[in-house]
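Subject: Structure for you to look through

Hello,

Please open the structure below and keep it on screen while you read. My notes follow it.

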Amino acid sequence: MMHDFYDALADLAIYAGAAPTERQRILKRVGASQKKLKECAHLTPIDCQHKLDLVEAEWRRVLGQKAEAMELYDRAIAGAKAHEYLNEEALACELAAKFYLSWGREKIARVYMIDAYDCYVRWGETAKIDDLEKCYPQLLSPILPAKLAANLLATVATTANQNPSLPPSIHPSVSASISDFGVFSTLLKACQTLSSEIELDRLIAKLMPLAMTNTGADKAVLVLPNGNQWEIAAIRAIDSLGVERAIGLPSPTLDKNSDILPLKMVDCVKNLLKPVIVRDIAQNCDWESDSYILKYQAQSLLCWPILDRGNLVGILYLENRLTVGVFTRERLQLLNLLCSQAAISFKNALLYKKSQDYSQQLERLLTKFSRTEAQLAEQKQMLQAILDVAPIWIWMVNPMGKVHFFNKTFCQDVGAPLSAFLAVEHYKDVLGENAANCLVSDVACLAQDSPHYSSETLTLVDGKQHYLEVTKVQLKNAQGETIGIIGLGVDATDRKQAEELLQEQNQRLEQTLKNLQKTQLQLVQNEKMSALGNLVAGVAHEINNPIGFISGNLNEAKRSLADVVEHLELYRSDAPKSEIADHAEEIDLDYLLEDLPQMIDSMQVGCDRICSISTSLRTFSRGDKDYKVPFNIHEGIDSAILILKHRLKANEHRPQIEVITKYGNLPKIECFPGQLNQVFMNLLANAIDALEDSNLGRGFNEIAINPNRITICTDVLGEAQIKIKIADNGTGMKEEVKHQIFDHLFTTKGVGKGTGLGLAIVRQIAVEKHAGTIEVNAEPGVGTEFAIVLPVKDKL
């Protein structure tokens, strides 16, 4: 078994320089050795498994399978170490170091070569130790006594004298070496401990105690970069009982932990990349401004940069709160080597972490790929099932009409199986005359890049003609070449019939709408006639009184004037004075001369009254232009009151309805006066109707105690609006009525008394025509108030 092991390793060692024919022979012989090693590993895995893994790693190396080789080297080293095969552990580490060195990974090779060197030292194999020191000095330089690198250390006094530009606690450089074998052995073990760990958290957990133990510190803080900021990675301290413990932090961010370590020292190390040492805080005043140092007064402080080829990869802070001068030159030499190894191990750990992350990512991708592949298979089955049961036609043909796919719905509707279409070179051979429209739409689809939509009529298996809506689109390959046509067809026969029925119903609805519009026009006309009736009745009643008064006075004036003319004729005929005096006494001339001017004045008052009514009538019924004009609102309200005055007068059932006007100083507003007059007429007429309804069941005297009253108030709202309120103390209205009072065709009046258009028209005029608002406030048994707000200027 040992012969096969070393023979295989020897053959693989010379493989790279062998001729092609010799390489085939080497691989064949190594294969035979591996077969024997596998049998031994199966029987005695403790003795043979790591040997098999090492041969397999070398096999993978010569074949260029680097990832597999990496894993097998580590397995071989771990197996040899676990079962205490020190010589084979050393050999495995050496071969792994050579593998990484040939790959250009010198940092990783250094770790494995140092491990091999340590194994040979512990084994006592001086020849191999000398050979490694001779062949690989660059890899073993961190641990060779004669090759210790210069470190950046010096005493406070020496540095201050040599370089006064630096603070006394910042050290430039000094040479050092370790010659004591016991110290070197301790250091070698410490470096081995760090180099053997490739997991970052465990590496940090090992570094901290080693740093504290080898320097005499009672507190250690490790600061590492995380992206663009620095964070505290670990804190360890010795408590009052002498037990070393890890300390947790609420926040790892460096600038939020000024109570954990002196941030000024850390910033100095980051900027200068040099260590900062305070061996006796009582004799060093450079850092007295640091809040941490002022608070805790630690006696010895050390802030050390962890460098990798000049790049700062970490900062280690150490302190001893009780003892002065703890950080001696020898301890700093040990710390320098530990930090050098830590820098290498940090890089290896990060590389390992990246490889682990890549491995996990690859594993996740493979898992995702397998899951996706399963999902695709499942979705393919599902899609096939959907296509088969879909109630629409789905098919695919090539540009020459050769069928690739028809779903079951299509085949069932046309009465032909899919196999019949697949057996012919063109689907028209199966569809026959039904294919005529399909051929036309195929040509149109191939002539354009966008989807093609068409309507086709086909006779299906039920013997009836069906109306189909078809969508076709070109199917292209990755090179943009058309390789087929995908089609979707929907049987729209029922929908087309529904559309025809809907069109017929729409025509009937249009006719109904026209009839409704005619009816509405008639209702509006009736509303206008009702308003005209009020107007005519009011005007006739108001004009009738002065005309009757003028007519009665005119007859009396004519008789009186005739007597006066007759008396004047007596003067003209030179009648005797006695006859003239008798005639004057007969006609009572003195009374006539006094009464006749008064009758003329009375008739003049009647005429003025008629003129006033005429003016009010013109104001109320003035025609509107197609644009708004300035108008005095009060004139419109007064004209409406005058026209309705006959309804306000007392009668045998009730006293006179009082109209109280409280006019503000309103400006003229831009409006349609005729429309606003119609608003005032409707609101006042409704108020009178409401008052008359409230009088039902009440006697004359009862009404006189609480008389009917209409109150009209106007006022200015700011500079842009006016407000008109028309209120009555009638029946009021309920809440549900208020919400519908402006609705079209809604009325609370009895049949034949209201059309339900009055208040709807009022709202339309106030809100839509004049950009105003109208509100109603009412309480049952108390009364109703309509409030209209109108803009002074037209909002165009």
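Helices (H or I, at least four residues) and strands (E, at least two) are DSSP runs, numbered from the N terminus. By that rule the chain has 27 helices and 18 strands. This is a predicted model: local features need pLDDT of at least 70, side-chain atom pairs count only at pLDDT 80 or more, and totals for chains, interfaces and linings use all residues. Residues are numbered from 1 along each chain as its sequence is written, and side-chain values use heavy atoms, with hydrogens and water left out.

Buried means under 20% relative accessible area, exposed over 50%, and partly exposed in between (1.4 Å probe, protein chains only). Of the 796 residues, 41% count as buried. Contact means heavy atoms within 4.5 Å. Among contacts between residues at least 6 apart in sequence, 59% join residues at least 24 apart.

Now the rings. Rings of Phe, Tyr and Trp (its six-membered ring) pair if their centres lie within 6.5 Å; planes under 30 degrees apart are stacked, over 60 edge-to-face, and the rest tilted. The whole structure holds 15 aromatic pairs. One of them is Phe-99 with Trp-103: the centres are 5.8 Å apart and the planes meet at 40 degrees, so this pair is tilted. Phe-99 is buried, because its relative accessibility is 3%. Trp-103 is at 27%, so it counts as partly exposed.

Phe-406 and Phe-421 make an edge-to-face pair, 4.6 Å centre to centre, with 65 degrees between the planes. This pair links distant parts of the chain: Phe-406 is in strand E8 (residues 403–406) and Phe-421 in helix H16 (residues 418–422), 15 residues apart. Phe-406 is buried at 4%. Phe-421 is buried too, at 0%.

Back to Trp-103. Together with Tyr-73, Phe-99, Tyr-100 and Tyr-112, Trp-103 forms one aromatic cluster. A charge sits over a ring if NZ of Lys or CZ of Arg is within 6 Å of the ring centre and within 35 degrees of the ring normal. Arg-105 lies over the face of Trp-103, 4.4 Å from the ring centre. Arg-23 does this for Tyr-15, at 5.0 Å.

Last, which strand holds Asp-728? Asp-728 is in strand E16 (residues 721–728). The side chain of Asp-728 reaches the backbone nitrogen of Gly-730 at 2.8 Å. Leaving aside neighbours within four places in sequence, Asp-728 is in contact with several residues, including Ala-687, Leu-691, Arg-709 and Thr-784.

Best wishes

Notes:
A polar contact is a pair of N or O atoms within 3.5 Å; within protein, one must be able to donate a hydrogen and the other to accept it, and residues adjacent in sequence count only if both atoms are side-chain atoms.
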